[in-house]
Amino acid sequence: MVGNFDVKEVEGQFPNVYVLQVAGGDLVISSSWLKTLKAHITDYDSLFIRFLHKGEFVTLRGDVELAPTQAQFHHVRRWMYTDAMAEIYSLHLSDTSTEPPFNGDCAQDLDPELAVLLHTYRMVFQTPIGLLPPREHDHTNPLVEGAEPVKVRPYRYPHSQKVHIESMVQKMLTDGIIQPSKSPFSSPILLVKKKDGTWRFCTDYRALNAITIKDSFLIPTVDELLDELHGATYFSKLDLRLGYHQILVNPTDRHKTTFRTHQGHYEWLVMPFGLTNAPATFQALMNDVFKPYLRRFVLVFFDDISIYSPTRQIHLTQLELVLQLLQK
């Protein structure tokens, strides 16, 4: 469903929703062409348009059987289940006078000891800027013997997505997480819409993954992790900001991560999404960082860090140990 709609209430009813089967259209008559006709007659009930051309009247007739029909509830439900719609909105009139007043900063509702703890380690919650230092688990991407460089043609993007791609690439260049590349490798990129309506920049590494030697590192299962929580009554969860992008790609493997846009070639300096061994690299690093506390009072599942304790006081102490480790 595309287009801009101005919804106005008319006599208590809203405009109807129609299903438009536009995929098989042979011709789209635009307003630019209609303006060249000057005066013309249009009958939407009979689906015809009549205009004067070189001194003679010409009539174009539409196919009544192909006319749009009003959408039913099961149409909308099917679109939702098959992800055919990116977004759906419901509009309601509300009386703003009945809304509760704004309470201000939600931090005032925090436990005082917890608020002091979070303020002490506030730098942990700041957005990382620039590249982080090399670590033992910098990502490598070994290829099978004799593999040729991957070169996949880029996808075609609508004009609206090209604007988003240009903006995202420029931001990544400014942040220093990608750089221009002359690598013989080339993978296409695509934009995937997130739940909040913004776009996620993804590189399609399927061809590269097919010739990559797979890591045998075991990823923990959720059931396995839940068994460790017996006896705990206090819980905190930290979600690592920019998770994958906090791991560097080994300099010898950066040229393999090259992606192509309509503007040029770029390679990743940090670990991108989509590489077959990226989850194993990330989980291995997190396990190594939290090794002193792992399964004692900390569980790690990718970028989710859970702290669990039997009492409130012990929980505050253990939460501070985790924040100290993250700050370090």
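Reader: Which strand is joined to β2 by four bridges?
Author: In this predicted model, local features need pLDDT of at least 70 and side-chain atom pairs count only at pLDDT 80 or more, while totals for chains, interfaces and linings use all residues. Residues are numbered from 1 along each chain as its sequence is written, and side-chain values use heavy atoms, with hydrogens and water left out. Helices (H or I, at least four residues) and strands (E, at least two) are DSSP runs numbered from the N terminus, and two strands pair if DSSP finds at least two bridges between them. The strand that runs antiparallel to β2 over four bridges is β3 (residues 48–53).

Reader: Which residue of β3 is the bridge partner of H40?
Author: Strands of a sheet pair through backbone hydrogen bonds, either parallel or antiparallel. For β2 and β3 the sense is antiparallel, and the residue of β3 that partners H40 is F51.

Reader: Which strands stand at the edges of the three-stranded open sheet, and what is its average twist from one strand to the next?
Author: The order of this open sheet is β2-β3-β4, with antiparallel pairing. Each edge strand has a single partner, so one side of it is left without a neighbour in the sheet; these are β2 (40–43) and β4 (56–61). From one strand to the next, the twist averages 15°.

Reader: In the open sheet of five strands, which strands are at the edges?
Author: The five strands follow the order β6-β11-β10-β7-β8, and their pairing is mixed. The edge strands, each of which pairs on one side only, are β6 (178–180) and β8 (199–203).

Reader: At about what angle to β8 does helix α4 run?
Author: Helix α4 (residues 159–175) lies across β6, β7 (187–193), β8 and β11. Axes here are lines fitted to C-alpha atoms, for helices over the stretch in contact (heavy atoms within 4.5 Å), and angles run from 0 to 180 degrees between N-to-C directions. Against β8, the helix runs at about 75°.

Reader: How far is R254 from the nearest side chain of opposite charge?
Author: R254, in the loop between β9 (234–239) and β10, is buried (under 20% relative accessible area, with exposed over 50% and partly exposed in between, using a 1.4 Å probe and protein chains only). R254 has no salt bridge, a term for a side-chain nitrogen of Lys or Arg within 4 Å of a carboxyl oxygen of Asp or Glu. With Lys and Arg counted as positive, Asp and Glu as negative, and His and the chain ends not counted, the nearest opposite charge is E267, at 6.1 Å.

Reader: Which side chains have polar contacts of 2.7 Å and 3.0 Å with that of E267?
Author: E267 is found in strand β11 and is buried without a salt bridge. A polar contact is a pair of N or O atoms within 3.5 Å; within protein, one must be able to donate a hydrogen and the other to accept it, and residues adjacent in sequence count only if both atoms are side-chain atoms. The 2.7 Å partner of E267 is Q179, and the 3.0 Å partner is S181.

Reader: How many residues separate R312 and D111, the partners in a salt bridge?
Author: The closest N and O atoms of R312 and D111 are 2.8 Å apart. This pair links distant parts of the chain, with R312 in helix α8 (residues 312–327) and D111 in the loop between α2 (73–81) and α3 (112–120), at a separation of 201 residues.

Reader: What separates the C-alpha atoms of Y244 and A278?
Author: Y244 lies in the loop between β9 and β10 and counts as buried because its relative accessible area is 15%. Leaving aside neighbours within four places in sequence, the contacts of Y244 include A278, P279 and F282. Y244 and A278 are 34 residues apart along the chain, yet their C-alpha atoms are separated by 7.9 Å.
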